[in-house]
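Please keep the sequence and the structure in view while reading.

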Amino acid sequence: MSYRLTQYAHGGGCACKIPPGELEEVVRGLGGAAPRDPVGELLVGLDSGDDAAVVRIDGDTALILTTDFFAPVVDDAYDWGRIAATNALSDVYAMGGRPVVAVNLLGWPRDVLPFELATETLRGGLDVCVLAGCHLAGGHSVDDPEPKYGLAVTGIGNPNRLLRNDSGRPGSPLSLTKPLGVGVLNSRHKATGERFPQAIDAMTTLNAAAAAAALAAGAECATDITGFGLLGHLHKLARASGVTAVIDSAAVPYLQGAREALAAGYVSGGTRRNLDWVAPHVDLSAVTGDEALLLADAQTSGGLLVAAEIPGAPVIGELVARGEHTIVVR
């Protein structure tokens, strides 16, 4: 029997995130309590909504901790496992670190889907961790009405050479290391069963090389583009850094087929919620409504947005002194 995994979940990938505005209300006020006799100094926590938590252990070593999991974004179990693992590891790279060890997080409808598919999902995650040089050791599973998979990841980095979303400076160019459009293609895949290899290739490409290039270029500010879309993650970066981002919409790269999927109406609810959230903070007067939706498209395992010019990545804009909006799209 053939199973289409995307049909066993109400949504898929990072488009299933709780909307950013609602999430900020949930966690508001939860970052102030300090533990008694902590082992290390918390360098990055909830305050700026960055990609991972960071704790300084000593002068040259910081622990970077993150977790990410979601329902199937593609129908093939092995590909889903690879995508989910690549996405979870990305938060460590987005902080300028290297993943060291991860554990599996698996939710499985044991009376609905065969465990052979769970095995394939876990195999996909393992193969990505092997490629990343990251140990994958054990994890946790629950009986769940919807299939869900991801990783909890611990990495290391230099506390003095982190990539943070609150370190943007006016005059810095903005480079994007993967094209956008994963969200609309995944929505089309869920609705029609069409497979888009270009989207799978993008979602399973590790951000390791992009992070290394950012650090080599002297970058101090970056974030990865996932469920809140380019506009959502860039708004958080500009807000945390006290700057305005100016985006050249013509310079933003998209995957083949993304515009066609948008024109055919394959837009996730997550993308529309992203746009609703950022609209009061973004000047979109120079672009069409469709272009705005693509800029807010909920990505899964997207690229890094780096406040520096790095080899092989298009420059899509720059940071300037704070103005009326956090983002201006031209």
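Helix axes here are lines fitted to C-alpha atoms over the stretch in contact, and the angles between them run from 0 to 180 degrees between N-to-C directions. The model is predicted, and the values below are computed from it.

## Packing of helix 7 and helix 9

Helix 7, which covers residues 229-241, packs with helix 9, residues 269-278, at an angle of about 35°, and the two axes lie 8 Å apart. The crossing of these two helices is left-handed.

On the side of helix 7 the contact is made by Gly229, Leu231, Gly232, His235, Lys236 and Arg239, while helix 9 contributes Asn274, Leu275, Trp277 and Val278. Sorted by class, the residues in this contact are 4 nonpolar, 4 polar and 2 charged. An α-helix has 3.6 residues a turn, so residues three or four places apart point the same way.

Just after the helix, Gly242 takes a positive phi of about 70°.

How many of the 13 residues of helix 7 are buried? The count is 11, so the helix is largely enclosed by the rest of the structure. Among the buried residues are Gly229, Leu231, Gly232, His235 and Lys236, which also take part in the contact with helix 9; Leu230, His233, Leu234, Leu237, Ala238 and Ser241 are buried as well.

## Aromatic pairs

The model has 4 aromatic pairs. One of them, formed by Trp80 and Trp108, is stacked, with 6.4 Å centre to centre and 25° between the planes. This pair links distant parts of the chain, since Trp80 belongs to helix 2 (residues 77-94) and Trp108 to strand 4 (residues 98-108), 28 residues apart. Trp80 counts as buried at 0% relative accessibility, and Trp108, with a relative accessible area of 2%, is buried too. Together with Tyr149, Trp80 and Trp108 form one aromatic cluster.

Phe228 and Trp277 form a tilted pair, 6.4 Å centre to centre with 55° between the planes. Phe228 lies in the loop between strand 8 (222-224) and helix 7, whereas Trp277 is in helix 9, so the pair ties together parts that are 49 residues apart in sequence. Phe228 is buried at a relative accessible area of 6%, and Trp277, at 15% relative accessibility, counts as buried because the cut-off is under 20%.

Conventions
Residues are numbered from 1 along each chain as its sequence is written. This is a predicted model: local features need pLDDT of at least 70, side-chain atom pairs count only at pLDDT 80 or more; totals for chains, interfaces and linings use all residues. Side-chain values use heavy atoms; hydrogens and water are left out. Helices (H or I, at least four residues) and strands (E, at least two) are DSSP runs, numbered from the N terminus. A crossing is left-handed if the near helix is turned anticlockwise from the far one by less than a right angle, and right-handed if clockwise. Contact means heavy atoms within 4.5 Å. Ala, Val, Leu, Ile, Met, Phe, Trp, Tyr, Cys and Pro count as nonpolar, Asp, Glu, Lys and Arg as charged, and the others, Gly among them, as polar. Buried means under 20% relative accessible area, exposed over 50%, partly exposed in between (1.4 Å probe, protein chains only). Rings of Phe, Tyr and Trp (its six-membered ring) pair if their centres lie within 6.5 Å; planes under 30 degrees apart count as stacked, over 60 as edge-to-face and the rest as tilted.
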